[in-house]
Amino acid sequence: MTGFALPPRRRWSAPASIGALVRQFYARVRKDQRLGPIFAREITGDWEPHLDKMTDFWCSVVLKSGDYHGRPVPAHLKLKDVTEADFAIWLALFAETAAELFAPETAAVFVERAERIATSLKLAMFFRLGPAPNPGGA
Ligand code: HEM
């Protein structure tokens, strides 16, 4: 697949590039055998609001635009059938898309942020404290 084309004579715009990244990434996610059905169950109608929200999210993360005001953890905690392995698929598709659209050093910034956020989402979703040790001994 080739990169997206910006309109001629228009200056490079970071939000427009991020919008393209988000759209191409979710196009891939929707075609993925494992992730496609998970998203299809959650986003049943128009995808535009999700794509706009995710563009705001990435603009906030990378450009510090302050456009995103949502709460990612509760949105993922309610996804009961998602496993840790699904995050590896998500991250691989994201890295693939970023590498196609951006210069390597820019792609690396996005991928590094995605990995860090994925780690905190996974902690919120899958990490459970074991039972407290019995202070009185067995
Ligand atoms: C296997 C991995 C993942 C799955 C299956 C998944 C799935 C979803 C779904 C279905 C939604 C929509 C929830 C809704 O609108 O009710 C959502 C929202 C969202 N996801 Fe993920 N996600 C994954 C990983 C990630 C990662 C790694 C990030 C960040 C790097 C992320 C960021 C977000 C954000 C910001 C929202 C919007 C939350 C809100 O404000 O409503 N997701 N995700």
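Me: Where is the place of lysine 64?

Reply: In this predicted model, lysine 64 sits in the loop between α3 and α4 (72-77). Its phi is positive, about 55 degrees, although lysine 64 is not a glycine.

Me: Why is lysine 64 called exposed?

Reply: Its relative accessible area is 63%. Exposed means over 50%, so lysine 64 qualifies.

Me: How do you know that the span of helix α1 agrees with its number of residues?

Reply: Helix α1 covers residues 14-31, which is 18 residues. The expected span is 1.5 Å times one less than that number, so α1 should span 26 Å. The C-alpha atoms at its ends are 26 Å apart, so the two agree.

Me: What caps the N-terminal end of α1?

Reply: Serine 13 does. A side-chain oxygen of serine 13 lies 3.1 Å from the backbone nitrogen of alanine 16. The cut-off for a polar contact is 3.5 Å, so this pair is within the limit.

Me: Which elements do the buried residues of α1 pack against?

Reply: They pack against α2 (35-42), α3 (48-63), α5 (84-101) and α6 (104-126). Among those buried residues are Leu21, Phe25 and Tyr26.

Me: Which residues touch the most other members of the largest nonpolar core?

Reply: Tyr26, Phe39, Trp58, Trp90 and Phe94, out of 36 residues in that core. Two or more residues come from each of α1, α2, α3, α5 and α6.

Me: What is phenylalanine 39 in contact with, leaving aside neighbours within four places in sequence?

Reply: Phenylalanine 39 contacts Tyr26, Val29, Trp47, His50 and Trp90.

Definitions and conventions. Residues are numbered from 1 along each chain as its sequence is written. This is a predicted model: local features need pLDDT of at least 70, side-chain atom pairs count only at pLDDT 80 or more; totals for chains, interfaces and linings use all residues. Side-chain values use heavy atoms; hydrogens and water are left out. Helices (H or I, at least four residues) and strands (E, at least two) are DSSP runs, numbered from the N terminus. Buried means under 20% relative accessible area, exposed over 50%, partly exposed in between (1.4 Å probe, protein chains only). Contact means heavy atoms within 4.5 Å. A polar contact is a pair of N or O atoms within 3.5 Å; within protein, one must be able to donate a hydrogen and the other to accept it, and residues adjacent in sequence count only if both atoms are side-chain atoms. A nonpolar core is a set of buried Ala, Val, Leu, Ile, Met, Phe, Trp, Tyr and Cys residues joined through side-chain atoms within 4.5 Å.
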